[in-house]
Amino acid sequence: MTNKINGINVDVTPDAPADEQPAIGLIGMGEMGRMYAAHLSRAGWKKIHVCDRPEKCEELKEDMRDTLGVNVLPDGHQVSRMSDFIIYSVEAEFIDQVVAQYGPSSKVGAIVGGQTSVKAPEKTAFERYLPQDVHIVSCHSLHGPTVSPLGQPLVIIKHRASDEAQTLVESILRPLRSRFVYLSYDDHDLVTANTQAVTHAAFLSMGTAWAAQTSYPWEHGYYVGGIETVKVNITHRIYANKWHVYAGLAILNPSARVQIGQFAASATGLYKLILEGDREALQSRLYRAREKVFEGEDKNGHPTILLSEDMLDRFSLGRKPQSDQSPASPTASAPTANSHLSLLAMVDCWAALGINPFVHLALAATPIFRLWIGVAEYLFRARARLDGAIDAALADVSHRADDLEFVVAARGWSQCVRFGSFELYRARFERTAEFFRPRFGESARLGTEMIRAILDSSSSADGGGGGSGSGESRPGGAPGVDTEGKASAGINASPVLAPNPAPGPR
């Protein structure tokens, strides 16, 4: 058994001499490609070959001029021929045509992977266009380009490769100090459909509903403080980004289409029960979902939410109304009543599809998913809160119009994803984003501070862990310890969880 790939020691570190280091190739120098180039350069890797579209070559050379170890090449053919580990960092929508163009030029014995957020089209493209004499070990950093990779989940997919090829990829990526998560292509898309695509759909639907009502939700007193703070700030955070960041995650992932469709169906079904005033049916359905999703986790020692609504109030865009200014539904001494239909629909969706979100949380939680599951747990674990949401849904009509718009929006986003139309997705996204744009400035700062405070609080509650260590998670069994003594958990495992954040979305 050899310990080398293309003459490179698989346990190589950035401290090795340049002639003993692997040549790393990055095809696609958007935000994620540049993030990888920067972190790999800072780690000490000395042979990083990069390219973007040919017409951007000179601009890229100027941008990378002071980045040590980075060599800008005219196109992906040259990057592919010179590199031992090649990462395609292009949007999933275009991965097929880019791999078709440059894949056949891959160096003999090289390792090829991709940073696409949806793996189904990447897998197809690699199998179709890559030579049989290359290894396929893919990856995906589950965070944005402005987030530090430290402790964040980094998925590694060994698809068509030797153990030595995977070890070399781990050695190259280890200086990012991310937490390795080992999945198959199919498991990756199943997990990210939940942790990213359907979570985004919930917030997209909230934003579209509020825009349809033509009022900023925190200005009339109903969406201020506590859970409402998370709803508003995360919705703003998503709409302040580019539409294509979310479109591919939803449209190109077969699992996402199923989950987003069920989320819309759950919202519709629950809203019909609300209109019918059928308390028994509504309560029975939600308590069954509560038992299926949350109660089994008590046996696994899953930590409960430790954050207070007072903490979240610090990051609200609005102010809670005074006793003489209360909206129609609340009393002067109680928070504004709310059905929290989006949270009810999300938990109902998980129950209907048999999804255990805590397994996904342990494997590949993004900061937004950590917030989303945290606020769902906050609402459902407290019987008084859940009963309060049911009472508000049935007896208080002050949110009924918003809930109607939310159901329409959820069904609209589901149809958009089912049709597979990027143009329709872009039009829906940008129309809503335009409504919120005047307020992005004030929400960006508060949203970032809120996420940091919640994740820091969760980390402290867990003794400093909080999911930010450099552990590794492997699928397919009970939680254990890998050869480096790092905690591991799997798709079929009862995961060891970091504590979740607190109250949030609608």
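I began with N6, which sits in the loop between β1 (4–5) and β2 (8–9); strands here are DSSP runs of E with at least two residues, helices are runs of H or I with at least four, and both are numbered from the N terminus. Before going on, I noted that this is a predicted model, where local features need pLDDT of at least 70, side-chain atom pairs count only at pLDDT 80 or more, and totals for chains, interfaces and linings use all residues. Residues are numbered from 1 along each chain as its sequence is written, and side-chain values use heavy atoms, with hydrogens and water left out.

**Positive phi.** Most residues other than glycine have a negative phi. N6 is not a glycine, yet its phi is positive, at about 50°. I also looked up H340, another residue other than glycine, and found a positive phi near 50°. H340 belongs to the loop between α12 (309–313) and α13 (341–353).

Are these two buried or exposed? My cut-offs for relative accessible area are under 20% for buried, over 50% for exposed and in between for partly exposed (1.4 Å probe, protein chains only). N6 counts as partly exposed because its relative accessibility is 35%. H340 has 9%, so H340 counts as buried.

**I8.** I8 is in strand β2, and at 7% relative accessibility I8 counts as buried. What does I8 touch, beyond residues up to four places away in sequence? I listed N3, E20, Q21, P22, D84 and L168, with contact meaning heavy atoms within 4.5 Å. D84 is 76 residues from I8 in sequence, but their C-alpha atoms are 8.7 Å apart.

**Cores.** I then turned to nonpolar cores, which are sets of buried Ala, Val, Leu, Ile, Met, Phe, Trp, Tyr and Cys residues joined through side-chain atoms within 4.5 Å. The largest has 77 residues, and F263, W350, Y425 and F429 touch the most other members. Another core, of 36 residues, lies apart from it and includes M32, M35, C57 and Y182.

Leaving out neighbours within four places in sequence, Y425 has contacts that include L204, W243, Y246 and W413. Y246 turned up again with H200, which is in contact with I238, Y246 and L249 on that basis. H200 is in helix α7 (residues 185–212) and counts as buried, at 9% relative accessibility.

**Helix α16.** Last, a length check: the 13 residues of α16 (residues 383–395) should span 18 Å, and the end C-alpha atoms are 18 Å apart, so the two agree. The expected span is 1.5 Å times one less than the number of residues. Among the buried residues of α16 I noted L386, A389 and I390.
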